[in-house]
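Welcome! Please take a moment to look over the sequence and the 3D structure before reading on.

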Amino acid sequence: MESGAEKGPEDIAYENRVRSSSLSELEDMFAHVDSGEYPLRARELLEEIERRRAGLERRPDRQALSKAAPAGMPRRLWASLIDLFIHLLILGALFLAGWSVLQLVSSLGSDGWAAATVSARRGPSPLRQFGAGLLAGDSAAWKNGERWLQVGLVTLCFLVFRAMLTVPAWGRAGRTPGMREVGIRLVRTTGEPVGVTRALIRFWGQYLLFGLTLGVSTFWMIWDPRRQSLHDKLSETCVVRVRRTWEETDENRICDQANTA
């Protein structure tokens, strides 16, 4: 049915075929459909293909994830280190870009504010001096409340930066680049996607509980039967093992395994 208002048996059979076909079969149908003669069918196929592709990433198989083996500390630690390295690279690139702009502006006029700023920053920074004093055991440095406040603000800004990169990845796909590399995924205890709200609770909960329990919250996974840390229990999530892309068979890479909601 391309122009009529009532669906015929042929149209109903075609819709049933679309719903029951796998992703690879839908892509093959779209490649052979005559979009000039059947524009509605071509559009319907394209929408279904996009929905299936989004479903493969956003809605993993609940049953498979609920039965997946919990991820242990080594994989989770390795994934965290990979993500931290990536975040530091991004932050370093942003810092280098800002510094380059500052240098460019200062070169346009030696009497400008940028030149004064660059000149004022020559030599060790106050934070660097503060860190050196802490390492040297200087009691004045340990009692410097103003510098501790600056360290806290810098740490908070860095955590906010990490949250901007991590929370959407957890909420949407359940894994960051580091988690994808080591083959683990964050899911709810029911096997469903995490969502942004639970991802936020988990992200900030891990640092808050780590400080309140002096690290016990993170190492709780060692003796927990589901390998959950306390921040996992707080957000009702768990980290499970999944196959990495290169570990999947060719058939599983192209076929839709989640036809049901």
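What follows is a short tour, grouped by topic.

This is a predicted model. A search of the whole structure turns up 4 salt bridges, and the tour starts with some of them.

**Salt bridges around aspartate 232**

- Aspartate 232 pairs with arginine 76 in a salt bridge whose closest N and O atoms are 2.8 Å apart. Because aspartate 232 belongs to helix 13 and arginine 76 to helix 5, this pair ties together parts that are 156 residues apart in sequence.
- Both aspartate 232 and arginine 76 are buried. For aspartate 232 the relative accessibility is 0%, so this residue counts as buried.
- Aspartate 232 also forms a salt bridge with arginine 202, and here the closest N and O atoms are 2.7 Å apart. Aspartate 232 lies in helix 13 and arginine 202 in helix 11, so the pair links parts that are 30 residues apart in sequence.
- Arginine 202 counts as buried because its relative accessibility is 5%.

**A salt bridge between aspartate 224 and lysine 233**

- Aspartate 224 and lysine 233 form a salt bridge, with 2.9 Å between the closest N and O atoms.
- Is aspartate 224 buried or exposed? Its relative accessibility is 5%, so aspartate 224 counts as buried.
- Lysine 233 is partly exposed, with a relative accessible area of 36%.
- Salt bridges that share partners join Arg76, Arg202 and Asp232 into one network.

- Helix 5 gives the largest share of the lining, with 9 residues.
- By type, the lining of the second largest pocket is made up of 14 nonpolar, 8 polar and 4 charged residues.

**The paired strands**

- Strand 1 (residues 184-188) and strand 2 run antiparallel and are joined by 5 bridges.
- Across this pairing, arginine 188 stands opposite threonine 237 in strand 2.
- Why is strand 2 (residues 237-241) described as largely enclosed by the rest of the structure? The reason is that 4 of its 5 residues are buried.

- Leucine 26 sits in helix 2 (residues 23-32). With 0% relative accessibility, leucine 26 counts as buried.
- Not counting residues up to four places away in sequence, leucine 26 touches Val18, Ser21, Leu45, Glu48, Ile49 and Arg52. Leucine 26 and glutamate 48 are 22 residues apart along the chain, and 8.0 Å separates their C-alpha atoms.
- Threonine 166 is in helix 9, and at 5% relative accessibility it counts as buried. Leaving aside neighbours within four places in sequence, threonine 166 is in contact with His87, Thr176 and Phe203.
- Methionine 221 is placed in the loop between helix 12 (216-219) and helix 13 (230-235). Although in a loop, methionine 221 counts as buried, at 4% relative accessibility.
- Setting aside neighbours within four places in sequence, methionine 221 is in contact with Gly72, Met73, Arg76, Arg227, Gln228 and Ser229.
- Methionine 221 and proline 70 are 151 residues apart in sequence, while their C-alpha atoms are 9.9 Å apart in space.

**Positive phi angles in loops**

- Leucine 214 is not a glycine, yet its phi is positive, at about 55 degrees. Leucine 214 lies in the loop between helix 11 and helix 12 and is exposed, with a relative accessible area of 78%.
- Arginine 227 also has a positive phi, near 55 degrees, in a residue other than glycine. Arginine 227 is found in the loop between helix 12 and helix 13, and at 32% relative accessibility it counts as partly exposed.

Key
Residues numbered from 1 in each chain as written. Predicted model: local features only at pLDDT ≥ 70, side-chain atom pairs only at ≥ 80, totals over all residues. Heavy atoms only, no water. Helix = DSSP H or I, 4+ residues; strand = E, 2+ residues; numbered from the N terminus. Buried < 20%, exposed > 50% of the residue type's maximum accessible area, 1.4 Å probe, protein only. Contact = heavy atoms within 4.5 Å. Nonpolar A, V, L, I, M, F, W, Y, C, P; charged D, E, K, R; others polar. Pairing = 2+ DSSP bridges. Salt bridge = Lys/Arg side-chain N within 4 Å of Asp/Glu carboxyl O.
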